[in-house]
Amino acid sequence: MPSGKVSKIWRRVGTGILCLIVIAGAAGLLGVRSRTTSSGSVGWRLTVTYPQIARAGLDVPWRAEVHHSGGLPSKITMAVSTDYFRMFETQGFYPDADSATNDGHFVYFTFTTHPGDDFMVDYDAYVQPGSQLGKSAVVELLIGGSVKARVALHTWLVP
């Protein structure tokens, strides 16, 4: 096969791959994909929305919602695997936690609640530019030191 035909084939293959990448980007397949997972027990429900797939440098959603019919106690604690938040740059939690402690396995965030059945906390973050690998985490809802709900999540980072 003459070299002109070979180079023409490779140009077509390269153009085809480039077109697939552009189409995937236009369809939103290369951006952030969020996922919502929830768990509960005996009237408690913990729902976490998190980035399932993300890329370095992009803003990502992270929100935890607590529901308890009949009202919430004045304080709730959420525990998140210590290593998980290390892949993010952040502006903080909204609302801010009253206190945060770390036992090496979990970071425990304690929040004051308002009257009602629902509480929500947002984490304003983006993936650090140097982050290349995703992370797994466990998020627990603790009331009076007792785990009322637990969810597992995993964030994949793609180039």
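The lining of the largest cavity has seven nonpolar residues, no polar and no charged ones (Ala, Val, Leu, Ile, Met, Phe, Trp, Tyr, Cys and Pro count as nonpolar; Asp, Glu, Lys and Arg as charged; the others, Gly among them, as polar). This is a predicted model, where local features need pLDDT of at least 70, side-chain atom pairs count only at pLDDT 80 or more, and totals for chains, interfaces and linings use all residues. Residues are numbered from 1 along each chain as its sequence is written, and side-chain values use heavy atoms, without hydrogens and water.

To see that lining, select Trp-62, Met-78, Val-80, Phe-93, Phe-109, Phe-111 and Val-121. A cavity is a set of points, on a 1 Å grid over the protein atoms alone, where a 1.4 Å probe fits but cannot get out; lining residues have an atom within 4 Å of a point. The volume of the largest cavity is about 40 Å³, taken as the space filled by probe spheres set on the points. Now colour strand 5 (75–81) and strand 8 (106–112), which each supply at least two lining residues; strands are DSSP runs of E, at least two residues, and helices runs of H or I, at least four, numbered from the N terminus.

Next, select Tyr-94 and Pro-95: the peptide bond from Tyr-94 to Pro-95 is cis, with omega near 0 degrees. Pro-95 sits in the loop between strand 6 (88–94) and strand 7 (99–102).

Move to Val-42, in the loop between strand 1 (33–41) and strand 2 (44–55). Its phi is near 45 degrees, a positive value in a residue other than glycine. Val-42 counts as exposed because its relative accessibility is 78% (buried is under 20%, exposed over 50%, partly exposed in between, with a 1.4 Å probe and protein chains only).

Finish at Ile-21 in helix 1 (residues 3–26), which is partly exposed at 47% relative accessibility.

How values were computed:
1 Å grid on protein atoms, 1.4 Å probe; cavity = no way out; pocket = protein on both sides within 12 Å on 5 of 7 lines; lining within 4 Å.
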